[in-house]
Amino acid sequence: MADIRDSDGPAEQVFERFLQGEQVDQSVRPAILRSWRRCQEFGRAPEKLGFTDPIELDPDSFLIRMARPILERAQHIVADANAALLLVDDQATLLLRYLSDPEMRRFFDKVQAVPGVGYSEDLLGTNGTGTALCEKRLFRVTAFEHPAPCVRPFTATGVPILDPLTGHARGAVSIVSPNEREDLAMSVLVQRLAQDIERRLLEHSNERERSLFEAFLRAGDLPCPVSAEDVGPFLRDLPQDDRFRLEEQATELIAHGQRAAVEVPLSRGRVAVLRSVPMTEPAGVVGVVAQVRIQGGPWERLSDVTLSEIPDLAPGHRRLTPPDAAEAAATGNGAGSSGSTNFVPAPRAESPVESQVPADPWLFLFGEPGVGRLAAAARRRIRLLYEVATNIGKTLDVTRTAEELAEMTVPRFADFVTVDLHECVLRGEEPSDQVDTDMCRVASRPDREDLFPVGVGDAVHYLPFSPQADCLLAQEAVLWPHPGTATAGDASLSSGNGIRSLIAVPLLAHDRVLGLATYMRLGASPPFEEDDVSLAEELVGRAAVCVDNARRFTRERATVLALQHSMLPGSLPEQSAVEVAHRHVPAQAAAHLGWFDVIRLPGTRVALVVGDVAGRGLQGVATMGRLRTAVGNFAALDLPPADILGHLDDLVRRFSQEEHEQAGSEESRLLRDFAARDAGSGVTGTTCVYAIYDPTSRRCTLASAGHPTPAVVHPGGAVEFLDLPPGEPLGLGGPPFETAEVELPEGSRLVLYTNGLLADDRESGPLTGTERLRLALERAGGTAEQTATSVLAAVPPGGLTDDATLLVARTCALEPGHIASWDLESDPAAVAGLRTEIARQLAAWDHEELAFTAELIFSELVTNAIRYGSEPIQARMILDRTLICEVSDASETSPRPRRACDTDEGGRGLFLVAQLAERWGTRYTRRGKVIWAEQPLTGDENEPSPAFSFFADDL
């Protein structure tokens, strides 16, 4: 965000609007706005901010000794830039200043900016030196971003000096220059100066450790360590995991600062014993050394070890009780059961490396107790970060990811944790750019209604000026109460619920706020420190990435499900052949996408299709839609099931070839990246089963392309899995598909399904998916809906690894009285007799109004069969939802309509049929072909058109 000098309107008016309570967050950097709010809490008016009387300083203080040589070496660089170089301590008190510009020196002296004055925010307001200490990061303030008028002519860039061991701010260094001569290169210089001072602090710590080591060597009551040549080969051969365990436990012992012993299990069944020995002086403990012995070697007596004051150590590390420790130290042996805490020495190893282990314990680690505590805390933090990184975000579920964040940090980091997310994030939508304090509680650990009445799933609203609201507004972590504030805390938070300290951290991803995590410590727990804020930011930052990934997955999955739902049949066609029930349950991370379809065919027949696309994501859904459309087009040709699967196989192979061509072209880089992310989206391996049921003959023809075997529930309740030629999955180009034909009695239930329904139920025993399906079908009711409900209820919870698609068709049979058929001779004179029979049959069906068009259609179709076809010729009329007229012959020559000229005597017959019938077509049989036409039972469309009235007299 730009400085306030670049915002709309005079810059000096922005701070005035802020004091009047107006919203200025779009004109001010978040860090500046956060500092202004802190200054406002102090209650100091801008005109009262300024330098106070200086205090007396120690010219030989530790920070001055560490920083003076470094700052003096950089003095000439600052002098050439006509800038000032300042050093303050951890209380923002000015310790050193380097001024080369006489004009700046006079100004600094005039405003009393001399060593000993305070640069803290409560005295001077927002400034580059004191605010850098509060923020613990580089901070730059310029012009009217300063509330105090005395420093507005200058631009200041400050960097905190952090202790390399503790991470606490020991002070800050800053460079100040007039606004018109500000140089951004000074920011690089001030950062290097701070790093050099921190390096000197670290070197001083190393000197302390060297002094401690020398004190250890001078100690007379401890054995001298063996030479590095003796132990070096063994330590080099020590596995990394064993070394890490020893270092971790030795650090813990040093942190306690007491004399102690502990055994540590290592790999290959070995056991190491660590002991810590404090090095004391009259002033107290100055350091602790840790020694290690692995499988053998006498110890010094440890009878004076006090273990009762040592807290519990890490799991798997066993403390030695004082008597046993002394005995083990004196004899090197001990006995005890596996469940006791006695030291049980491991048998002496026979390997050549272990036989060279020296008798005396080795010096393993040494350090100061305070440093040890910091190292132990650092290890715990690293371990917590590692566990969070490896255990959060495995499910791609927004709610579960938030719960994992809370579970991983309680009670190891906080006593109470809440995670709140925006409602739009839970739906998978993009969060808004606007600050919104209304959220939904997603996770809370532990469940403490006495702390907060807001439960999981409830709405949360944070009041203005609360730590959470400040956190959301600034989009940075907020520690409450801040160590630098004068007040101990807000009574609205601390009273009644026992909150001692809290950290509010925003869940940020791509500069957008997804939600908020609040860590709290209660009761007697120590308050959070500044280092805890960095840890909390790291923890929440990693979790925020996982939450955002889960949100994106939720959005993409919702898109895929919506598209997949739109690709499935919205409503099934009206037909009398079967009673249909269907179910489709999408899986969370399906490797296959299931689909189904019911297609009405001529002659009261119906096609039933169930497929399983080998793909997922948007590309898999697109493939599913293309296949379903192709099946509908192929079904319109009225081909046998095996032929339709053959056409689908060719189509899938073409789809697969197109994918490979796109993946190999430079122009489709975006598609290739998408395909790589959506692994497994190839269509090869798609399965399908296609069935055609004819209610006039009660026969069903089926063909399968690698699909699970359909099941049939007979009217008596017996379940049979059909013995179909399995066929190869689509796209593999295997042998030709084969068609099987079965007779289904009226009331039978044909069950088509996908592999998703065959998930094994591991909880209920060794019941396979097929056996479970058979049992569910045997127990199901007689209707299609009851059967579908029973099958789906038998699926084990959480057992769906793929989409579960189910299609149940209960067969019906057409009444014989609704079918009329006539065998005809190949003689044109037979047409007149057929018209008489048609009129008589329609009168019997009480549909005399259909006689004219039916006679005309049959006359044309039979005439064509006699003239161009071959015997046997048969005419059939079926009364169903429509009146179906069929003429079959043994010829495979299909008629086609053509446009006749004015002088032609023929060629208009099929044109008349197409105009009079609702639809017409040709289907091929094993013995020839069938020409069919349908006309509705009622409606004005049955009335002959005036254009065709002249044909009536000819008939």
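In the predicted model, R919 has E934 as its bridge partner in β31. This pair belongs to the contact between strand β30 (residues 919-925) and β31, which are joined in the antiparallel sense over seven bridges, and the two strands form a hairpin with two residues between them. Strand β29 (residues 882-889) is likewise paired with β31, running antiparallel to it through eight bridges, and in β31 the residue opposite S888 is V930. Strand β31 itself spans residues 928-936, and because nine of its nine residues are buried, that is, under 20% relative accessible area, the strand is largely enclosed by the rest of the structure.

The largest cavity has a volume of about 130 Å³, and of the 16 residues that line it, F51, F108, Y119, V151 and V176 are the closest to its centre. Two or more lining residues are contributed by each of the elements α5 (102-110) and β4 (154-162). By class, the lining of this largest cavity comprises twelve nonpolar and four polar residues, with no charged residue.

The second largest cavity holds about 80 Å³ of space. Of its 13 lining residues, those closest to the centre are Q575, R600, L601, T604 and D880.

Notes. Residues numbered from 1 in each chain as written. Predicted model: local features only at pLDDT ≥ 70, side-chain atom pairs only at ≥ 80, totals over all residues. Heavy atoms only, no water. Buried < 20%, exposed > 50% of the residue type's maximum accessible area, 1.4 Å probe, protein only. Helix = DSSP H or I, 4+ residues; strand = E, 2+ residues; numbered from the N terminus. Pairing = 2+ DSSP bridges. 1 Å grid on protein atoms, 1.4 Å probe; cavity = no way out; pocket = protein on both sides within 12 Å on 5 of 7 lines; lining within 4 Å. Points joined across faces, edges and corners; volume = space filled by probe spheres on them. Nonpolar A, V, L, I, M, F, W, Y, C, P; charged D, E, K, R; others polar.
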